[in-house]
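Welcome, and thanks for taking a look at this protein with me. Please open the sequence and the model side by side, and we will walk through them together.

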Amino acid sequence: MRTQVAIIGGGPAGLLLSQLLNLAGVETVVIERKSRDYVLSRIRAGVLEWGTVELLRQARAGDRMDREGILHGGCLMSDGDRVFRIDFHQGAGRPVMVYGQTEVTRDLYAAQDALGATILHECEDVALHDLDGEAPFVTLTRHGQPLRVDCAYVAGCDGFHGVSRPAIPASVRREFEKVYPFGWLGVLSATPPVSDELIYARHDRGFALASMRSPVLSRYYIQVPLTDRVEDWPDDRFWAELKRRLPADVAARLVTGPAIEKSIAPLRSFVCEPMRWGRLFLCGDAAHIVPPTGAKGLNLAASDVHYLSRALIAACTRGDLAGIDRYSAEALARVWKAMRFSWQLTMLLHRFPDHSPYERGMQEAELDWLRNSPIARAALAENYTGLPF
Ligand code: FAS
Ligand code: PHB
(Lines give C-alpha, C1' and ligand atoms only; values in the text may rest on other atoms or scores of the structure.)
(Ligands and ions follow the chains in the order given, each with its own letter.)
Protein backbone atom coordinates (compact mmCIF):
# COMPACT_ATOMS: atom_id res chain seq x y z
CA MET A 1 0.00 0.00 0.00
CA ARG A 2 1.11 3.64 -0.47
CA THR A 3 0.57 6.71 1.67
CA GLN A 4 2.18 10.10 2.26
CA VAL A 5 3.18 9.64 5.92
CA ALA A 6 3.63 6.25 7.62
CA ILE A 7 3.22 6.70 11.39
CA ILE A 8 4.79 4.03 13.59
CA GLY A 9 2.86 3.82 16.89
CA GLY A 10 -0.81 4.37 17.71
CA GLY A 11 -0.36 6.04 21.11
CA PRO A 12 -1.19 9.71 21.75
CA ALA A 13 1.68 11.06 19.61
CA GLY A 14 0.92 8.90 16.56
CA LEU A 15 -2.85 9.39 16.74
CA LEU A 16 -2.69 13.16 17.27
CA LEU A 17 -0.21 13.54 14.41
CA SER A 18 -2.36 11.39 12.11
CA GLN A 19 -5.48 13.37 12.99
CA LEU A 20 -3.93 16.78 12.33
CA LEU A 21 -2.38 15.59 9.05
CA ASN A 22 -5.63 14.02 7.86
CA LEU A 23 -7.59 17.20 8.63
CA ALA A 24 -5.11 19.07 6.39
CA GLY A 25 -5.60 16.54 3.57
CA VAL A 26 -2.39 14.57 4.15
CA GLU A 27 -2.79 10.80 3.87
CA THR A 28 -1.41 8.62 6.68
CA VAL A 29 -1.25 5.00 7.78
CA VAL A 30 -0.84 4.35 11.52
CA ILE A 31 1.07 1.12 12.24
CA GLU A 32 0.49 -0.06 15.84
CA ARG A 33 1.99 -3.18 17.44
CA LYS A 34 -0.79 -3.81 19.96
CA SER A 35 -4.56 -4.14 19.78
CA ARG A 36 -6.71 -1.06 20.36
CA ASP A 37 -8.00 -2.54 23.63
CA TYR A 38 -4.43 -3.04 24.85
CA VAL A 39 -3.47 0.56 24.02
CA LEU A 40 -6.59 1.81 25.82
CA SER A 41 -5.84 -0.32 28.88
CA ARG A 42 -2.77 1.76 29.77
CA ILE A 43 -3.04 4.16 32.77
CA ARG A 44 -0.52 6.97 32.39
CA ALA A 45 -0.58 10.77 32.40
CA GLY A 46 -3.24 12.94 33.94
CA VAL A 47 -2.40 16.63 33.41
CA LEU A 48 -2.67 18.52 30.10
CA GLU A 49 -0.82 21.78 29.48
CA TRP A 50 -2.92 24.51 27.89
CA GLY A 51 -1.10 24.09 24.58
CA THR A 52 -2.09 20.42 24.54
CA VAL A 53 -5.72 21.33 25.29
CA GLU A 54 -5.79 23.73 22.34
CA LEU A 55 -4.11 21.22 20.02
CA LEU A 56 -6.71 18.55 20.89
CA ARG A 57 -9.48 21.05 20.15
CA GLN A 58 -7.77 21.90 16.84
CA ALA A 59 -7.73 18.15 16.10
CA ARG A 60 -11.50 17.98 16.73
CA ALA A 61 -10.78 15.59 19.63
CA GLY A 62 -11.46 17.95 22.53
CA ASP A 63 -15.26 17.91 23.01
CA ARG A 64 -15.39 15.24 25.75
CA MET A 65 -12.29 16.73 27.38
CA ASP A 66 -14.10 20.09 27.56
CA ARG A 67 -17.15 18.38 29.06
CA GLU A 68 -15.48 15.98 31.49
CA GLY A 69 -12.01 17.43 32.07
CA ILE A 70 -11.34 19.44 35.25
CA LEU A 71 -9.71 22.88 35.00
CA HIS A 72 -7.08 23.41 37.70
CA GLY A 73 -5.92 26.93 38.59
CA GLY A 74 -3.16 25.74 40.89
CA CYS A 75 -1.55 22.91 42.81
CA LEU A 76 -0.31 22.40 46.36
CA MET A 77 3.19 21.56 47.53
CA SER A 78 3.83 20.13 50.97
CA ASP A 79 6.89 19.42 53.09
CA GLY A 80 5.62 17.40 56.04
CA ASP A 81 2.73 19.47 57.41
CA ARG A 82 3.82 22.74 55.79
CA VAL A 83 1.75 23.43 52.67
CA PHE A 84 1.80 26.23 50.10
CA ARG A 85 0.00 26.77 46.80
CA ILE A 86 1.27 27.48 43.31
CA ASP A 87 -1.27 29.76 41.62
CA PHE A 88 -1.20 29.08 37.88
CA HIS A 89 -3.33 32.10 36.92
CA GLN A 90 -1.25 34.52 39.01
CA GLY A 91 2.03 33.01 37.82
CA ALA A 92 1.30 32.06 34.25
CA GLY A 93 -2.12 33.42 33.33
CA ARG A 94 -3.47 30.02 32.38
CA PRO A 95 -4.76 26.79 34.01
CA VAL A 96 -4.08 23.15 33.25
CA MET A 97 -6.68 20.51 32.39
CA VAL A 98 -6.87 17.32 34.43
CA TYR A 99 -7.96 14.64 31.97
CA GLY A 100 -6.40 11.17 31.74
CA GLN A 101 -4.16 10.09 28.87
CA THR A 102 -6.35 7.01 28.44
CA GLU A 103 -9.33 9.29 27.67
CA VAL A 104 -7.22 11.46 25.35
CA THR A 105 -6.24 8.32 23.44
CA ARG A 106 -9.85 7.10 23.34
CA ASP A 107 -10.99 10.48 21.97
CA LEU A 108 -8.24 10.44 19.33
CA TYR A 109 -9.22 6.96 18.17
CA ALA A 110 -12.84 8.13 17.89
CA ALA A 111 -11.80 11.22 15.91
CA GLN A 112 -9.64 9.11 13.57
CA ASP A 113 -12.53 6.66 13.07
CA ALA A 114 -14.80 9.58 12.17
CA LEU A 115 -12.33 10.53 9.41
CA GLY A 116 -12.07 6.92 8.21
CA ALA A 117 -8.34 6.90 8.99
CA THR A 118 -6.22 3.82 8.30
CA ILE A 119 -4.97 2.37 11.59
CA LEU A 120 -3.36 -1.08 11.44
CA HIS A 121 -3.30 -2.87 14.82
CA GLU A 122 -1.38 -5.99 15.85
CA CYS A 123 1.51 -5.26 13.47
CA GLU A 124 4.63 -7.34 14.04
CA ASP A 125 8.19 -7.30 12.67
CA VAL A 126 7.88 -3.61 11.79
CA ALA A 127 11.02 -2.49 9.94
CA LEU A 128 11.93 0.85 8.35
CA HIS A 129 13.78 1.02 5.03
CA ASP A 130 15.56 3.57 2.81
CA LEU A 131 15.02 6.37 5.31
CA ASP A 132 17.98 8.28 3.84
CA GLY A 133 16.65 7.88 0.30
CA GLU A 134 13.83 9.50 -1.67
CA ALA A 135 11.38 6.57 -1.29
CA PRO A 136 11.28 5.16 2.22
CA PHE A 137 9.07 2.22 3.04
CA VAL A 138 7.93 0.15 6.01
CA THR A 139 7.57 -3.62 6.10
CA LEU A 140 5.55 -5.55 8.67
CA THR A 141 3.63 -8.74 9.32
CA ARG A 142 -0.04 -8.59 10.26
CA HIS A 143 -2.13 -11.63 11.06
CA GLY A 144 0.60 -13.72 9.41
CA GLN A 145 0.55 -11.72 6.16
CA PRO A 146 3.56 -9.63 5.01
CA LEU A 147 2.75 -6.02 4.17
CA ARG A 148 4.76 -3.15 2.64
CA VAL A 149 3.83 0.52 3.07
CA ASP A 150 5.51 2.91 0.63
CA CYS A 151 5.53 6.53 1.77
CA ALA A 152 7.17 9.93 1.46
CA TYR A 153 7.92 10.32 5.18
CA VAL A 154 8.01 8.14 8.34
CA ALA A 155 7.01 9.46 11.77
CA GLY A 156 8.50 7.40 14.61
CA CYS A 157 5.86 7.66 17.35
CA ASP A 158 6.55 4.21 18.79
CA GLY A 159 7.68 5.13 22.29
CA PHE A 160 10.89 4.47 24.18
CA HIS A 161 11.11 0.79 23.23
CA GLY A 162 10.12 1.18 19.58
CA VAL A 163 12.09 0.51 16.38
CA SER A 164 12.28 4.10 15.12
CA ARG A 165 15.02 5.60 17.28
CA PRO A 166 17.39 2.64 16.65
CA ALA A 167 16.81 3.19 12.91
CA ILE A 168 18.98 6.31 13.21
CA PRO A 169 22.59 5.08 12.86
CA ALA A 170 24.47 4.94 16.17
CA SER A 171 27.16 7.09 14.55
CA VAL A 172 24.57 9.84 14.06
CA ARG A 173 22.63 9.54 17.34
CA ARG A 174 23.63 11.44 20.48
CA GLU A 175 21.84 10.14 23.59
CA PHE A 176 21.67 11.90 26.97
CA GLU A 177 20.39 9.98 29.99
CA LYS A 178 19.95 10.21 33.74
CA VAL A 179 18.41 7.26 35.62
CA TYR A 180 16.94 8.05 39.06
CA PRO A 181 17.52 5.64 41.99
CA PHE A 182 13.82 5.09 42.66
CA GLY A 183 10.45 4.50 40.94
CA TRP A 184 6.84 5.60 41.37
CA LEU A 185 4.26 3.14 42.66
CA GLY A 186 0.95 4.33 41.21
CA VAL A 187 -2.56 3.36 42.36
CA LEU A 188 -5.88 4.12 40.67
CA SER A 189 -8.88 3.89 43.05
CA ALA A 190 -12.60 4.50 42.72
CA THR A 191 -12.53 6.95 45.63
CA PRO A 192 -13.12 10.72 45.81
CA PRO A 193 -9.87 12.70 45.48
CA VAL A 194 -8.46 13.82 48.83
CA SER A 195 -7.94 17.37 47.53
CA ASP A 196 -9.50 19.59 44.85
CA GLU A 197 -6.00 20.29 43.53
CA LEU A 198 -2.95 18.05 43.09
CA ILE A 199 -0.64 17.75 46.07
CA TYR A 200 3.11 17.26 45.43
CA ALA A 201 4.41 16.05 48.79
CA ARG A 202 8.07 16.03 49.87
CA HIS A 203 8.71 13.91 52.96
CA ASP A 204 11.69 12.33 54.71
CA ARG A 205 10.15 8.93 53.91
CA GLY A 206 9.92 9.82 50.22
CA PHE A 207 7.84 11.67 47.63
CA ALA A 208 4.07 11.27 47.25
CA LEU A 209 1.55 12.73 44.79
CA ALA A 210 -2.21 13.01 45.20
CA SER A 211 -3.89 13.36 41.81
CA MET A 212 -7.19 12.42 40.23
CA ARG A 213 -9.07 11.49 37.07
CA SER A 214 -12.61 12.58 38.03
CA PRO A 215 -14.66 13.46 41.18
CA VAL A 216 -14.92 9.70 41.84
CA LEU A 217 -11.58 8.41 40.54
CA SER A 218 -8.29 9.13 42.30
CA ARG A 219 -4.69 8.58 41.23
CA TYR A 220 -1.97 8.40 43.89
CA TYR A 221 1.78 7.78 43.71
CA ILE A 222 4.52 7.14 46.25
CA GLN A 223 8.26 6.98 45.61
CA VAL A 224 9.59 3.43 46.13
CA PRO A 225 13.04 1.80 45.82
CA LEU A 226 13.80 0.34 42.40
CA THR A 227 14.03 -3.10 44.02
CA ASP A 228 10.37 -3.02 45.10
CA ARG A 229 7.73 -5.00 43.23
CA VAL A 230 3.97 -4.39 43.06
CA GLU A 231 3.36 -7.52 45.14
CA ASP A 232 5.40 -5.95 47.98
CA TRP A 233 2.64 -3.32 48.28
CA PRO A 234 -0.76 -4.71 49.25
CA ASP A 235 -3.42 -2.00 49.39
CA ASP A 236 -3.32 -1.53 53.18
CA ARG A 237 0.45 -0.98 53.15
CA PHE A 238 0.14 1.51 50.29
CA TRP A 239 -2.59 3.59 51.96
CA ALA A 240 -0.74 3.62 55.31
CA GLU A 241 2.47 4.86 53.62
CA LEU A 242 0.65 7.47 51.55
CA LYS A 243 -0.97 8.83 54.73
CA ARG A 244 2.46 9.13 56.41
CA ARG A 245 3.76 11.29 53.56
CA LEU A 246 0.77 13.62 53.17
CA PRO A 247 0.09 16.54 55.56
CA ALA A 248 -1.72 15.23 58.66
CA ASP A 249 -4.98 17.08 58.00
CA VAL A 250 -5.05 15.73 54.44
CA ALA A 251 -4.22 12.18 55.54
CA ALA A 252 -7.04 12.34 58.09
CA ARG A 253 -9.64 12.83 55.36
CA LEU A 254 -8.15 10.39 52.81
CA VAL A 255 -10.80 7.97 51.53
CA THR A 256 -9.17 4.63 50.73
CA GLY A 257 -10.45 1.75 48.63
CA PRO A 258 -9.34 -1.21 46.53
CA ALA A 259 -6.71 -0.48 43.86
CA ILE A 260 -8.22 -0.76 40.37
CA GLU A 261 -4.72 -0.50 38.88
CA LYS A 262 -1.35 -0.69 40.60
CA SER A 263 2.03 -0.40 38.84
CA ILE A 264 5.61 0.74 39.39
CA ALA A 265 7.25 3.01 36.78
CA PRO A 266 11.01 3.67 36.81
CA LEU A 267 12.12 7.31 36.46
CA ARG A 268 14.58 8.45 33.87
CA SER A 269 15.50 11.56 31.88
CA PHE A 270 16.47 10.78 28.30
CA VAL A 271 16.95 12.75 25.10
CA CYS A 272 17.97 11.53 21.65
CA GLU A 273 19.45 14.01 19.18
CA PRO A 274 18.74 14.56 16.36
CA MET A 275 15.00 13.89 16.13
CA ARG A 276 15.25 13.62 12.35
CA TRP A 277 17.30 11.44 10.06
CA GLY A 278 16.59 11.60 6.33
CA ARG A 279 12.85 11.05 5.96
CA LEU A 280 12.37 9.73 9.53
CA PHE A 281 11.08 12.07 12.23
CA LEU A 282 11.00 11.00 15.90
CA CYS A 283 8.10 12.23 18.02
CA GLY A 284 7.16 11.78 21.70
CA ASP A 285 8.64 9.06 23.89
CA ALA A 286 10.51 7.63 20.86
CA ALA A 287 12.81 10.66 21.22
CA HIS A 288 12.69 11.59 24.90
CA ILE A 289 11.58 10.49 28.35
CA VAL A 290 10.99 12.73 31.35
CA PRO A 291 10.36 11.76 34.99
CA PRO A 292 6.57 12.21 35.54
CA THR A 293 7.17 14.74 38.36
CA GLY A 294 6.55 17.70 36.08
CA ALA A 295 3.64 16.06 34.19
CA LYS A 296 5.52 16.65 30.91
CA GLY A 297 5.65 13.26 29.14
CA LEU A 298 2.36 13.37 27.29
CA ASN A 299 2.63 17.14 26.86
CA LEU A 300 6.02 16.87 25.18
CA ALA A 301 4.54 14.34 22.76
CA ALA A 302 1.90 16.97 21.91
CA SER A 303 4.64 19.61 21.61
CA ASP A 304 6.52 17.53 19.04
CA VAL A 305 3.29 16.91 17.15
CA HIS A 306 2.63 20.66 17.03
CA TYR A 307 5.93 21.22 15.20
CA LEU A 308 5.95 18.05 13.10
CA SER A 309 2.34 18.31 11.88
CA ARG A 310 2.93 21.86 10.58
CA ALA A 311 6.20 20.81 8.95
CA LEU A 312 4.74 17.74 7.20
CA ILE A 313 1.62 19.61 6.04
CA ALA A 314 3.85 22.27 4.41
CA ALA A 315 6.03 19.60 2.81
CA CYS A 316 3.19 17.36 1.59
CA THR A 317 0.76 20.04 0.40
CA ARG A 318 3.07 22.88 -0.74
CA GLY A 319 6.48 21.25 -1.27
CA ASP A 320 7.83 23.64 1.38
CA LEU A 321 10.64 21.78 3.19
CA ALA A 322 11.69 24.55 5.59
CA GLY A 323 9.61 23.13 8.45
CA ILE A 324 10.98 19.60 8.23
CA ASP A 325 14.52 20.97 7.95
CA ARG A 326 14.15 22.88 11.22
CA TYR A 327 11.92 20.33 13.04
CA SER A 328 14.62 18.64 15.12
CA ALA A 329 16.19 21.87 16.41
CA GLU A 330 12.79 23.49 17.01
CA ALA A 331 11.33 20.51 18.89
CA LEU A 332 14.50 19.90 20.92
CA ALA A 333 14.65 23.52 22.09
CA ARG A 334 11.33 23.00 23.90
CA VAL A 335 12.15 19.40 24.93
CA TRP A 336 15.30 20.46 26.78
CA LYS A 337 13.45 23.17 28.72
CA ALA A 338 10.79 20.68 29.83
CA MET A 339 13.59 18.19 30.60
CA ARG A 340 15.22 20.76 32.86
CA PHE A 341 11.97 21.52 34.70
CA SER A 342 11.14 17.84 35.23
CA TRP A 343 14.66 17.16 36.49
CA GLN A 344 14.58 20.18 38.83
CA LEU A 345 11.23 19.19 40.38
CA THR A 346 12.37 15.57 40.74
CA MET A 347 15.61 16.65 42.48
CA LEU A 348 13.61 18.99 44.75
CA LEU A 349 10.88 16.65 45.94
CA HIS A 350 12.37 13.17 46.19
CA ARG A 351 14.41 11.48 48.89
CA PHE A 352 17.77 10.49 47.38
CA PRO A 353 19.45 7.64 49.28
CA ASP A 354 22.92 9.09 48.65
CA HIS A 355 22.08 12.72 49.41
CA SER A 356 24.32 14.39 51.99
CA PRO A 357 22.89 16.73 54.68
CA TYR A 358 24.14 19.55 52.44
CA GLU A 359 22.01 18.39 49.50
CA ARG A 360 18.99 17.94 51.73
CA GLY A 361 19.66 21.47 52.94
CA MET A 362 19.56 22.66 49.33
CA GLN A 363 16.13 21.04 48.92
CA GLU A 364 14.84 22.77 52.06
CA ALA A 365 16.26 26.14 50.98
CA GLU A 366 14.62 25.89 47.54
CA LEU A 367 11.26 24.93 49.10
CA ASP A 368 11.59 27.85 51.54
CA TRP A 369 12.28 30.22 48.62
CA LEU A 370 9.21 28.89 46.77
CA ARG A 371 7.09 29.19 49.92
CA ASN A 372 8.06 32.84 50.38
CA SER A 373 8.64 34.20 46.87
CA PRO A 374 5.81 34.95 44.43
CA ILE A 375 8.47 35.31 41.73
CA ALA A 376 9.76 31.79 42.37
CA ARG A 377 6.23 30.42 42.35
CA ALA A 378 5.46 32.25 39.10
CA ALA A 379 8.50 30.65 37.46
CA LEU A 380 7.32 27.23 38.55
CA ALA A 381 3.77 28.00 37.31
CA GLU A 382 5.10 29.11 33.92
CA ASN A 383 6.94 25.80 33.45
CA TYR A 384 4.22 23.59 34.91
CA THR A 385 1.41 25.03 32.75
CA GLY A 386 3.65 24.77 29.68
CA LEU A 387 6.12 27.11 28.01
CA PRO A 388 4.91 28.53 24.67
CA PHE A 389 5.36 26.43 21.52
P1 FAS B 1 3.49 5.72 23.83
O2 FAS B 1 4.54 4.85 24.42
O3 FAS B 1 2.30 6.15 24.60
O4 FAS B 1 2.95 5.09 22.45
C5 FAS B 1 3.82 4.39 21.59
C6 FAS B 1 2.98 3.36 20.83
O7 FAS B 1 3.84 2.70 19.90
C8 FAS B 1 2.42 2.29 21.76
O9 FAS B 1 1.03 2.15 21.55
C10 FAS B 1 3.19 1.03 21.37
O11 FAS B 1 2.38 -0.15 21.45
C12 FAS B 1 3.57 1.32 19.93
N13 FAS B 1 4.78 0.60 19.48
C14 FAS B 1 5.90 0.36 20.18
N15 FAS B 1 6.79 -0.33 19.40
C16 FAS B 1 6.19 -0.49 18.19
C17 FAS B 1 6.58 -1.12 16.97
N18 FAS B 1 7.77 -1.71 16.85
N19 FAS B 1 5.72 -1.11 15.94
C20 FAS B 1 4.49 -0.50 16.06
N21 FAS B 1 4.06 0.11 17.19
C22 FAS B 1 4.90 0.10 18.24
N23 FAS B 1 3.56 11.08 31.52
C24 FAS B 1 3.01 12.07 32.27
O25 FAS B 1 2.97 13.21 31.82
N26 FAS B 1 2.50 11.78 33.51
C27 FAS B 1 2.51 10.50 34.02
O28 FAS B 1 2.06 10.27 35.13
C29 FAS B 1 3.05 9.46 33.27
N30 FAS B 1 3.06 8.17 33.73
C31 FAS B 1 3.62 7.19 32.96
C32 FAS B 1 3.64 5.84 33.39
C33 FAS B 1 4.22 4.83 32.61
C34 FAS B 1 4.24 3.39 33.11
C35 FAS B 1 4.79 5.15 31.36
C36 FAS B 1 5.46 4.09 30.51
C37 FAS B 1 4.77 6.47 30.91
C38 FAS B 1 4.18 7.49 31.70
N39 FAS B 1 4.12 8.81 31.27
C40 FAS B 1 3.58 9.81 32.00
C41 FAS B 1 4.66 9.18 30.00
C42 FAS B 1 3.65 8.83 28.93
O43 FAS B 1 2.44 9.45 29.23
C44 FAS B 1 4.23 9.22 27.60
O45 FAS B 1 4.84 10.48 27.63
C46 FAS B 1 3.22 9.17 26.48
O47 FAS B 1 2.63 7.91 26.47
C48 FAS B 1 3.96 9.47 25.19
O49 FAS B 1 3.14 9.14 24.14
P50 FAS B 1 3.78 8.45 22.82
O51 FAS B 1 5.00 9.19 22.44
O52 FAS B 1 2.65 8.29 21.88
O53 FAS B 1 4.32 7.02 23.31
C1 PHB C 1 -1.33 11.78 37.14
O2 PHB C 1 -2.46 12.21 37.48
O3 PHB C 1 -1.15 10.64 36.70
C4 PHB C 1 -0.13 12.69 37.29
C5 PHB C 1 -0.34 14.03 37.56
C6 PHB C 1 0.76 14.88 37.69
C7 PHB C 1 2.04 14.36 37.57
C8 PHB C 1 2.24 13.00 37.29
C9 PHB C 1 1.15 12.16 37.15
O10 PHB C 1 3.11 15.18 37.72
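Predicted model: local features only at pLDDT ≥ 70, side-chain atom pairs only at ≥ 80, totals over all residues.

Residues are numbered from 1 along each chain as its sequence is written, chains are lettered from A and ligands numbered from 1 in the order in which they are written, and side-chain values use heavy atoms, with hydrogens and water left out.

Let us begin with the rings. A pair of aromatic rings is described by the distance of the centres and the angle of the planes. Here, rings of Phe, Tyr and Trp (its six-membered ring) pair if their centres lie within 6.5 Å; planes under 30 degrees apart count as stacked, over 60 as edge-to-face and the rest as tilted. By that rule the structure holds 14 aromatic pairs. One of them joins Trp-184 and Tyr-221, a tilted pair with 4.9 Å from centre to centre and 50 degrees between the planes. This pair links distant parts of the chain, 37 residues apart: Trp-184 belongs to strand 13 (residues 174–189) and Tyr-221 to strand 16 (residues 217–224). Strands (E, at least two residues) and helices (H or I, at least four) are DSSP runs, numbered from the N terminus.

Are these two residues buried or exposed? Buried means under 20% relative accessible area, exposed over 50%, and partly exposed in between (1.4 Å probe, protein chains only). Trp-184 has a relative accessible area of 2%, so it is buried, and Tyr-221, at 12%, is buried too. Another pair is formed by Tyr-200 and Phe-207, which counts as tilted because the ring centres are 6.3 Å apart and the planes stand at 45 degrees. Both of these residues, Tyr-200 and Phe-207, are buried.

Find Lys-34, whose charged end sits over the ring of Tyr-38 at 4.6 Å from its centre. Then look for Arg-237, which lies over the face of Trp-233, 3.6 Å from the ring centre.

Next come two helices. Helix 1 (residues 12–23) and helix 6 (residues 101–115) have axes that come within 9 Å and cross at roughly 30 degrees. The axes are lines fitted to C-alpha atoms, for helices over the stretch in contact, and angles run from 0 to 180 degrees between N-to-C directions. Which residues of the two helices meet? With contact meaning heavy atoms within 4.5 Å, the residues on the helix 1 side include Leu-15, Leu-16 and Gln-19, and those on the helix 6 side include Thr-105, Leu-108 and Gln-112.

Pro-266 is in strand 17 (residues 259–273) and is exposed, because its relative accessible area is 57%. Leaving aside its neighbours within four places in sequence, Pro-266 is in contact with Phe-182, Gly-183 and Leu-226. Trp-369, in helix 11 (residues 357–372), has 48% relative accessibility and therefore counts as partly exposed.

Where is Arg-165? Arg-165 lies in the loop between strand 12 (153–156) and strand 13, and its relative accessible area of 10% is why it counts as buried. Its contacts, apart from neighbours within four places in sequence, include Glu-175, Phe-270 and Asp-285. The C-alpha atoms of Arg-165 and Cys-283 are 9.6 Å apart, although 118 residues separate the two along the chain.

Finally, turn to the backbone. Most residues other than glycine have a negative phi, and most peptide bonds are trans. Asp-130, in the loop between strand 9 (123–129) and strand 10 (137–142), has a positive phi near 50 degrees. Ala-295 also has a positive phi, near 55 degrees, and is found in the loop between strand 20 (288–289) and helix 9 (297–318). Lastly, a cis peptide bond joins Glu-273 and Pro-274, with omega about -10 degrees.

Definitions and conventions: Lys NZ or Arg CZ within 6 Å of the ring centre and 35° of its normal.
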